[in-house]
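Look at the picture, then follow the questions.

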Amino acid sequence: MALFFFTRVIPLPKLILTHPELIYGLFFGLILASIVVLIGEVEKYGPVEIIITIAGVVLGLSIVNLVPVETPTAAWFIFLCGFIAISAMLLPGISGSFILLILGKYAFIINAIGELDFVVILAFGAGALTGLIVFSRAIGWLLKHYHESTLLVIKGILMGSLWMIWPFQERIYETVRGKEKLLTASPVWPDAFTSVVIGSVLFMAAGFVLVMVIHRFSARRVRAVEP
């Protein structure tokens, strides 16, 4: 139902191309709220915790700057996207949508699922299954033995990756064989308070509030079932 809703009723793959400021504003708010939630999961913040967080921020910035603006649609890369995106099921605070946004394949994957493109779906599913097998034990071990340090690194990566999710970007295109190709995109501060900026900020606030409400609701349910 969710896939049908976001591909047919609300064409999210098209909206992320035609109205990137609004959609990226929503994801920016979602990720920002996830960072706030992760901050609350760590009991203390001393020099060691700050250093680990900074290391995560540097890692996050390095990742988003290494990934090209336009990524390939070959089966091997779709497999890789599924392999990495499965971390959403294993790591607190990171969603598969966020990973796909970083890799530049969110709209492509969602559109492929909505249109039942089985070549893409099978490549992505195979990558996710392989990633689940490979990552599950490693992540489980890290969270068991280095719980807070792992959360701090995740939080740092999310903070560093906000650079790429910032809704206002200066985009440079090049026409290749009659099609526009995105060459570079760099975050900018909007120079005017337009309707697009207002809409993006509202979507950002909506995403933030949504995550915080869900977190508050889930925390209450956990407390209710605890003896």
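This is a predicted model: local features need pLDDT of at least 70, side-chain atom pairs count only at pLDDT 80 or more; totals for chains, interfaces and linings use all residues.

Q: How do you know whether tryptophan 166 and phenylalanine 168 are buried or exposed?
A: Both tryptophan 166 and phenylalanine 168 are buried. Buried means under 20% relative accessible area, exposed over 50%, and partly exposed in between (1.4 Å probe, protein chains only). Residues are numbered from 1 along each chain as its sequence is written, and side-chain values use heavy atoms, with hydrogens and water left out.

Q: Why is the pair of phenylalanine 28 and tryptophan 166 called edge-to-face?
A: Rings of Phe, Tyr and Trp (its six-membered ring) pair if their centres lie within 6.5 Å; planes under 30 degrees apart count as stacked, over 60 as edge-to-face and the rest as tilted. Here the centres are 5.3 Å apart and the planes meet at 75°, so the pair is edge-to-face.

Q: What is the arrangement of tryptophan 166 and phenylalanine 168?
A: That pair is edge-to-face too, with 5.5 Å between centres and 70° between planes. Phe28, Trp166, Phe168 and Trp189 form one aromatic cluster.

Q: Why is valine 134 called partly exposed?
A: Its relative accessibility is 46%, so valine 134 counts as partly exposed.
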